[in-house]
Amino acid sequence: LIHFYKRLKNLPNCCGKMYVSKTLKSQHEDLIHDVAYDYYGRRMATCSSDHHVKIWDQDDAGNWVCSASVKTHSGSVWKVTWAHPEFGQVIATCSFDRTANIWEEIVSEKSEKTSNHWIRKSVLLDSRTSVTDVKFGPKHLGSGLILATASADGTVRIYEAPDVMNLSQWSLKFEIPVKLPCSSISWNPSLSRLHAPMLAVGSDDNSPNSQSQGKVVVFEYSNNDAMWIKVETLSNITEPVHDLAFAPNIGRSYHVLAVGGKDLRIITL
């Protein structure tokens with residue numbers, strides 16, 4: 001099941017209830033691990049342990065309709081993410097099967113009817129263990145499409161498709177050793193030229209040897225060295241981290257990072 005919540009406005013305090021909820025039967029046959037909206041919020045993707053990703057479109061009445069169901073992997077699908085619409089209708093998925101996949105929606109017209117279907121454009125095979133997260137980079141980072149993956153082998157990999165018209169060709173640009181099993185990643189979305197590209201990585205490692213280690217590491221890209229450099233380890237976050245996200249940065253001289261583990265923490269960098 002997928003649950004939607006909408007905050008209500010202009011209600012008197014006596015009403016108590018500040019939101020309305022709606023439940024949608026997802027048609028997945030196992031746990032749903034991730035839900036992602038597209039740039040405009042009119043499309044949605046869900047992924048599950050049933051190895052499938054489902055694409056949902058919102059109609060004019062506000063109802064969500066499943067427009068595609070694709071078997072994307074041979075293992076549980078942990079995360080799904082949309083590329084910026086400038087690159088077309090493109091999603092990336094990652095899985096327990098040790099791969100990350102890139103998918104593109106193709107529109108075909110036959111017999112005066114328009115049909116849409118999703119095509120697997122590329123499979124990224126570099127990880128030796130489960131790929132736990134996948135995120136497209138902000139569109140201003142390069143001339144092509146940028147993608148980052150995080151793996152349980154403790155490595156973040158950054159790929160680029162230099163020709164956005166040919167998403168079957170991806171090159172591995174960087175392998176960043178985190179030295180802890182990775183659970184989640186987040187790009188800093190700042191558009192300011194004063195801010196270097198930044199990536200935060202979380203770890204859900206709960207082994208005895210890592211009990212006192214910081215579970216969030218922040219990397220910046222150095223133009224001078226042409227490499228990603230670790231600039232911060234949040235040593236006060238020692239419990240497993242399951243998700244993290246940078247806040248949009250408009251006009252601030254600092255960055256805000258939310259980290260979800262046993263507790264929710266808001267970090268200023």
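Biologist: How do the residues of the lining of the largest pocket divide into nonpolar, polar and charged?

Modeller: In this predicted model, the lining of the largest pocket divides into 17 nonpolar, 6 polar and 7 charged residues. The pocket that these residues surround has a volume of about 950 Å³, and of the 30 residues that line the largest pocket, those closest to its centre are Thr 81, Trp 82, Lys 135, Phe 136 and Pro 189.

Biologist: Which elements give two or more residues to the lining of the largest pocket?

Modeller: They are five runs of strand, namely S3 (32-37), S7 (77-82), S11 (131-136), S15 (184-187) and S19 (243-246). The largest share of that lining comes from S3, which gives 5 residues.

Biologist: How much space lies in the second largest pocket, and which residues are the closest to its centre?

Modeller: The second largest pocket holds about 400 Å³ of space, and of its 21 lining residues the closest to the centre are Leu 141, Gly 142, Pro 197, Tyr 221 and Trp 228. Here the elements that give two or more residues to the lining are strand S13 (155-161) and strand S14 (171-177), while by class the lining of the second largest pocket has 11 nonpolar, 7 polar and 3 charged residues.

Biologist: What is the general idea behind finding such spaces, and how many cavities does a search of the whole structure find?

Modeller: The general idea is that a probe the size of a water molecule, rolled over the atoms, shows where empty space is left. A cavity is a space where the probe fits but cannot get out, whereas a pocket is open. With a cut-off of 30 Å³ or more, a search of the whole structure finds 2 cavities.

Biologist: What lines the largest cavity?

Modeller: The largest cavity, with about 40 Å³ of space, is lined by Asp 38, Tyr 39, Tyr 40, Trp 82, Ala 83, Pro 85, Gly 88, Gln 89 and Val 90. By class, that lining has 6 nonpolar, 2 polar and 1 charged residues. Trp 82 is also one of the residues closest to the centre of the largest pocket.

Biologist: And which residues line the second largest cavity?

Modeller: The second largest cavity has a volume of about 30 Å³, and its lining consists of Ala 100, Leu 124, Leu 125, Asp 126, Ser 127, Val 131, Thr 149, Arg 157 and Tyr 159. Sorted by class, the lining of the second largest cavity has 5 nonpolar, 2 polar and 2 charged residues.

Notes: Residues numbered from 1 in each chain as written. Predicted model: local features only at pLDDT ≥ 70, side-chain atom pairs only at ≥ 80, totals over all residues. Heavy atoms only, no water. 1 Å grid on protein atoms, 1.4 Å probe; cavity = no way out; pocket = protein on both sides within 12 Å on 5 of 7 lines; lining within 4 Å. Points joined across faces, edges and corners; volume = space filled by probe spheres on them. Helix = DSSP H or I, 4+ residues; strand = E, 2+ residues; numbered from the N terminus. Nonpolar A, V, L, I, M, F, W, Y, C, P; charged D, E, K, R; others polar.
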